[in-house]
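Please examine the sequence and the three-dimensional structure shown here.

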Amino acid sequence: MNPSQRVADIFKRLRRISIRKAIPTIKGLPIIPAVILLVFVICGLFGKWIAPHDPVKINLDDTLIPPFWQEGGSTKYILGTDGMGRDMLSRLIFGANVSLQVGFTVIVFSGFLGTVVALLSGYLGGWVDIILMRVVDIFLSLPAIVFSIALAALMGPSKKNLIFILVLVMWSPYARILRGAVLRIKNDDFVDLAIVAGASKARIMFRHIFPNIFNTLVVLATLQLGQVIIAESSLSYMGLGVPPPEPAWGTMIFDGTKQLLMHWWPATIPGLAIVLVVLSGNLFGDWLRVRLDPKFRQL
Amino acid sequence: MSEIILEARDIKKHFPVTKGILFLKQIGAITAVDGISFTISRGETFGLVGESGCGKTTTARLLLLLETITSGAILFNGKDLTQLSAPELKNYRVSVQAVFQDPYSSLSPRMRTGDIIAEPIIANNALSRKAAKERIAKLIEVVGLRIDGAELYPHEFSGGQRQRIAIARALAPNPSLVILDEPVSALDISIRAQIMNLLHDIQQDLGVAYLLIAHDLSVVKHMSNRIGVMYLGKLVEVAESEEFYSHPLHPYTQALISATLPIHPDDQREKIILPGEVPSPFNPPQACRFHLRCSQAKPICSEQEPLLQEVTSGHQVACHLY
Amino acid sequence: MSSGNILLDVKDLKTYFSTRRGVVKAVDGVSLCLKEREILGLVGESGCGKSITCFSIVRLVPQPAGRIIAGEIIFDGEDLLKKNEREMRAIRGRRISMILQDPLTSLNPLFTIGNQTAEPIIIHRKLGKNTALEKAREMLKLVNIPSPEVRMKEYPHQMSGGMRQRIVGAMVLSCQPQLLIADEPTTSLDVTTQAQFLKLLKDIQQQSNFSMILVTHDFGVIARICDRVAVMYAGKIVESAETRELFNNATHPYTFALMKSLPNMGDRLDKLYTIEGQPPEMHALPPGCSFAPRCPEVKEICKQKYPPLSVLKDGHYVNCWLRT
């Protein structure tokens, strides 16, 4: 074969490789991301009983022990210890609890707020719609990072404040996207027929329209999980998030950067955890979107 | 004849057409329904036929209070709707139900069948939970669905079965009038007959009146006692079923009947092919709406609008020929 | 009427779809024959396979789910299933054309009528733009579009449904095809527009010598313009005959029941004749005759083996154990 034929042949073979088939799945559910998320949730909920050591107790005798597979490491501290002698694995597990708490709360509140606004705006229309959508526009156009930093600096770092700030920043996309879904459903005959049946406006919004946008809401929420974790970690990294000594992945990274040149694990391991969880959340959300879309659903 | 339960008196629905972005100026109106009057009596089926754009669906929506009339009056059991108190208005809502054309968008995909059927009762707090459950079971039986159907979701049913669910829902609050907007046109032929028989049986047993809106004249003929023809927002002819098909008076009606496809290749019916297209309902001229396509038009037809008048007993027509 | 030469001979066509619930035998051994200048009606309810049969003939079956796995499609002497995509492209639009049900989506909303009507002429007849536009104008006149020069500069959304369908008609006929496949062309049109359109189709067909396959679920359409009819159920043709013969002597229980259940304009009956049960689930067809579960005259053998073809009369074929 001459060179150009060989190149064409390579391209033909590349095209035949299906990436989809390379990711192991059960009925389309990607296994690895699902497992990672499951581990994350378990750690988040039951961390207290799983973690081998106290994540907060400072232990100056055992500082900067590398992970067990490296020279100098031991199985006592599987992932090593940080600059204050605290067990990395335990801190990671407790950090999962923080991320899960913050993530879950933010998603629930912003989802709730966004949904209510979307329903009122989409179904009632008119002035309600105009006013609410302008409010949404304002929040959407806020520069999220600057805004959250400013508010956090103003209000002081605490878990509660963090949740409040993140909800403020993250609720508006829900409202806009769900409003679109509400508008689409509003045109279906069953909404008119519910009016004919005598249902009140409130009943129509919550009993008829809401169940039909629920799928979209769930998918949005799953995809937002990643964003919340990154936001929370970023703010914690800057010292504006969850205050020490409570372990948060972002704070762990910050603490670890000081030792990064000589000791890679205090900063990198929490970073890897964030990447894995966020990626898994996105892949899972993607699968959920396809799975819940009526066009693809097996009837 | 039995008592009149619903009367439409010169009802009009105009959709304003505006120009401009900031300061909207009305430049005209789409006269979807332009002054029609008819009555529906207890237990009868009134068929309303016409082609797309004639206003029959808008008429249905007006009667269902999904749109507000621009002018005219709707009378229910003799009383004008605008004079009704809130509970009386609620009573009207409950007495006039509907079945629409599309069996797929008529049912909420995320509600169980039993809940869908019960909605007119639950939304009005009309019955206790227990009584409602019994009523649903009875209705499911009446419309011929499987007994365990109440727990299932709409997507587990076929098109014809979904239409049965829609009919059950319409019957739940014991209405005196059900508006059927193209109830069978989205269904397969073999299912159409099943549903039409069902509707017939229900009317026999419960005495409910129907306003049947359809474009298929054979369906309308089969089910209706009286038939009205609409063209561009106006009623051009109203007659009893037999009389309608044996002596259609209005040229449009004659064309419509002739255009209905034959049931046998040897069916030699006089074929009237109408020239041109249905004109737009936007700012219509002050004349007979049909005169440009009418083969029997006279000079007066382009100047003056004919009024709907009774020509023989029970047979009204809006045409200068009579 | 037809001249006698066979233009299209489909032999035992099978198009199967792989779905999550199993294999759907959308077209399962369909054989039909179309002569020159003949109009064949393909009638059946939704899901019977009539549309897929047409798409199979022009090899536009949605892939990869659907595949034509067997059969021959002999068009004007050549087997279309043996042709490659480039050869099929030369045939589609030029020698075999299609009109679909919805004229709104058949036309591109972004291009003028003139542009779209001239396009097939430019592509297939290889004429220059101005000549093509002139020919397009002639075609639009042929389908009774008033003031075609004005219309050619307008866009599809400015036209009514009936006009759009006629424009599509002008487009498909501009290259003088030998075969026109029309898939439910009048279903979305009003009653009077439908009558107009069918008359137009028949008139043009008689002037221009093409053959037509007309897919519909409406027996009235068949009665009005078809020469021959084939009735489909669950992927197979159950009966075929000349139109008059079918209406006079429908023998397959399905055909018979279907025709009887139509409300007609004659006497007003209280109850219509109905066919029991539901249309079949295409991924789980019963063994034997697919209509057996709903047949009022079913016998044991119907549930076990599919009935062979019987010839009742010259040109009248049926697949039914009762008539063997």
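What follows is a short account of the chains, arranged by topic.

This is a predicted model, in which local features need pLDDT of at least 70, side-chain atom pairs count only at pLDDT 80 or more, and totals for chains, interfaces and linings use all residues. Residues are numbered from 1 along each chain as its sequence is written, while chains are lettered from A and ligands numbered from 1 in the order in which they are written.

**Chain A as a whole**

- Chain A contains eleven helices and two strands; helices (H or I, at least four residues) and strands (E, at least two) are DSSP runs, numbered from the N terminus.
- Along the sequence, the pattern of chain A reads α-α-β-β-α-α-α-α-α-α-α-α-α.
- Taken along the principal axes, the C-alpha atoms of chain A fill a box of roughly 75 × 70 × 35 Å.
- Chain A has 299 residues, of which 40% count as buried. A residue is buried if 20 or more other C-beta atoms lie within 10 Å of its own, exposed if 12 or fewer, and partly exposed in between, with C-beta atoms placed from the backbone.
- Considering contacts in chain A between residues at least 6 apart in sequence, 69% join residues at least 24 apart. Two residues are in contact if their C-beta atoms, placed from the backbone, lie within 7 Å.

**A helix pair in chain A**

- The axes of helix α8 (residues 189-196) and helix α9 (residues 201-237) of chain A come within 11 Å and cross at roughly 145 degrees. Axes are lines fitted to C-alpha atoms, for helices over the stretch in contact, and angles run from 0 to 180 degrees between N-to-C directions.
- From α8(A), the residues Phe190(A), Val191(A), Ala194(A) and Ile195(A) meet Ile204(A), His208(A) and Ile209(A) of α9(A).
- This contact of α8(A) with α9(A) has six nonpolar, one polar and no charged residues. Ala, Val, Leu, Ile, Met, Phe, Trp, Tyr, Cys and Pro count as nonpolar, Asp, Glu, Lys and Arg as charged, and the others, Gly among them, as polar.

**Where chain A touches chain B**

- The contact takes 17 residues from chain A and 21 residues from chain B.
- On the side of chain A that touches chain B, α8 and α9 each supply at least two residues, and α8(A) gives the most, with seven residues.
- That side of chain A divides into ten nonpolar, three polar and four charged residues.

**The sheet of chain B**

- Chain B has an open sheet of eight strands in the order β6-β7-β8-β3-β9-β10-β12-β11, with mixed pairing. Two strands pair if DSSP finds at least two bridges between them.
- At the edges stand β6 (96-99) and β11 (309-312) of chain B; each has a single partner strand, so one side of each is left without a neighbour in the sheet.
- From one strand to the next, the twist averages 25 degrees.
- Strand β8 (residues 209-214) of chain B is mostly covered, as six of its six residues are buried.
- From β8(B), Ala209(B), Leu211(B) and Ile213(B) point one way, whereas Tyr210(B), Leu212(B) and Ala214(B) point the other way. In a regular strand the side chains alternate between the two faces of the sheet.
- Strand β3 (residues 45-49) of chain B runs parallel to β8(B) and is joined to it by five bridges; Phe46(B) has Leu211(B) as its bridge partner in β8(B).
- Strand β7 (residues 177-181) of chain B also pairs with β8(B) in the parallel sense, over five bridges. In β8(B), Tyr210(B) is the bridge partner of Val178(B), and Leu212(B) is that of Leu180(B).

- Chain C has an open sheet of four strands in the order β2-β1-β4-β5, with antiparallel pairing. Its edge strands are β2 (22-35) and β5 (78-79), each of which pairs on one side only.
- Ten bridges join strand β1 (residues 6-19) of chain C to the antiparallel β2(C), and Ser18(C) has Val23(C) as its bridge partner in β2(C).
- The contact between chains C and B takes 36 residues from chain C and 33 residues from chain B.
- α8(C) gives the most to the side of chain C that touches chain B, with six residues.
- By class, that side of chain C has 14 nonpolar, 13 polar and nine charged residues.
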